[in-house]
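Subject: Handover of a structure and its findings

Dear colleague,

Please find below the structure that I am handing over to you. I would be grateful if you would look through it before reading the notes that come after it.

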Amino acid sequence: MSVHVSSTKFGSESTEIVETDRDAERAAIVAKYDRGRDEGAQIDQWEDPDFEVYSSTDRYGFLHKTAVVEQRPSEKVLQHERERQMKWIKMFSKWEKYRDSDKLRKRMFKGIPDSLRSLGWQRLLSLEKVRKPFVYEAMKQEARKKSPDIRQIDLDVNRTYRDHIMFRERYNVKQQALFHVLAAYSMYNKHVGYCQGMSGIAALMLMYLNEEDAFWALVVLLKDNKYSMHGYFVPGLPKLLRSFDHHQSVRKKYLPKLHKHLSREEVEPSLYGTKWFLQCFLDRVPFSLTLRLWDLHLYLGEVVVTATSYGVLKLHQKELLKMKFEDAVGYLQSMANQDYDNDKIILDVVQPCIDELRRAKMERAAIPENEKPPEVPDVGLNGRLSPNGYQPKTSGDELDPETEL
């Protein structure tokens, strides 16, 4: 166990004790994930949900307490899906030809076949170009010794998608992967470290990507200007606040009657929109629709979140105009329980709203010229990067504390 000695003259002994305790806690948490669910693992009864309370599992892996009735598709529907898969496979095999084509755009709005979503997300995020050898493993090892966020990551892993078959059991393979991805990222991007909200995104990536690819997906989502999610998670959450303001401007311009009503009822975007913007509607719409939105989000970027936020209000305007404060907030927070026609929502609501906002140049919130919050990551490693990837520190090296990735 390492002990970090404070250089402060007064209080150095108490600081040393605190750092020692923190190191011990981190080591204990890491050891539990190393052990996993092997014999002898210490798992409190409250940490493992009782499987017996669940009656069935849906097609996406979510557990339900009552039987889920999913009608078997007709042979005609199955044949159509097989034909769709073949078209997507052909397109993936010639990705550079199709990546900027109208054909891809048209098919994206119809959704990636679930059986090919893993490959589709890898292509859309350009993971084959982003991955760097040894970096992920180096960050994992660094986090084991130094990450100040281990305790919070552990707490959030324990409450992320516990109703999903992949994450239900404490310290199982997927919980281990989620812990490793978040811990590694906390060292990779030290401006963010770890922030609540990242665990749900990382878990979604792990449903369709392997552990290391999920890490690089997180890197792209936070760093690439197309998504610009870094500003949602840095201290102060500057981009989230700007997104609320921008959403307010959109609803005032395009839905003035509803905006006036919601303003009178004091229904502010911060009361219903956090998960909309922070996680692209995770847990706020049915999961099947969530996947369709994430397909588009990875394809088009943050305009999808802006447009869907506008589209949801537009779709439910009639109902919302009749509601008082509590009912309106509850309604906007519980849309996951509603039954949507996914194709209708995407093609008749989201797509037109994207086009409308782009024509008005309102597809994303702009950073004010006189106020530039730290929304662009400046990532450093405790080591050097070469064309071959991460190279650990060698004796006598002087490290650039902010080696640009």
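The following paragraphs set out what was found, beginning with the whole chain and ending with one residue.

This is a predicted model, in which local features need pLDDT of at least 70 and side-chain atom pairs count only at pLDDT 80 or more, while totals for chains, interfaces and linings use all residues. Residues are numbered from 1 along each chain as its sequence is written, and side-chain values use heavy atoms, with hydrogens and water left out.

**The protein as a whole**

The protein has 21 helices and 4 strands; these are DSSP runs numbered from the N terminus, with helices being H or I of at least four residues and strands E of at least two. Of its 405 residues, 50% are buried (under 20% relative accessible area; exposed is over 50% and partly exposed is in between, with a 1.4 Å probe and protein chains only). The accessible surface is about 20900 Å², and carbon and sulfur atoms account for 50% of that area (Shrake-Rupley method, 1.4 Å probe). Of the contacts (heavy atoms within 4.5 Å) between residues at least 6 apart in sequence, 71% join residues at least 24 apart.

**Pocket and cavities**

Grid points are joined across faces, edges and corners, and a volume is the space filled by probe spheres set on the points.

The largest pocket holds about 1700 Å³. It is lined by 48 residues, of which R59, Y60, S288, R292 and N342 are the closest to its centre. Helix α2 supplies the largest share of this lining, 10 residues. By class, the lining has 18 nonpolar, 10 polar and 20 charged residues (Ala, Val, Leu, Ile, Met, Phe, Trp, Tyr, Cys and Pro count as nonpolar, Asp, Glu, Lys and Arg as charged, and the others, Gly among them, as polar).

There are 3 cavities of 30 Å³ or more. The largest has a volume of about 80 Å³, and its lining includes V285, T308, H316 and Y340. The elements giving two or more residues to that lining are α17 (287–300), α18 (303–315) and α21 (342–359). The lining has 9 nonpolar and 3 polar residues, with no charged ones. The second largest cavity, of about 50 Å³, has E302, V305 and T306 among its lining residues.

**Helix α18**

Helix α18 gives the most to the lining of the largest cavity, with 4 residues. Because 11 of its 13 residues are buried, α18 is largely enclosed by the rest of the structure; among the buried ones are V303, A307 and Y310. The end C-alpha atoms of α18 are 18 Å apart, which agrees with the 18 Å that its 13 residues should span at 1.5 Å a residue (1.5 Å times one less than the number of residues).

**Residue R358**

R358 is found in helix α21 and is partly exposed, with a relative accessible area of 34%. Leaving aside neighbours within four places in sequence, R358 is in contact with R105, L300, V303 and E363. The C-alpha atoms of R358 and A307 are separated by 9.4 Å, although these residues are 51 apart along the chain.

Yours sincerely

Note on methods: On a 1 Å grid over the protein atoms alone, a cavity is a set of points where a 1.4 Å probe fits but cannot get out, and a pocket is an open set with protein on both sides within 12 Å along at least five of seven lines; lining residues have an atom within 4 Å of a point.
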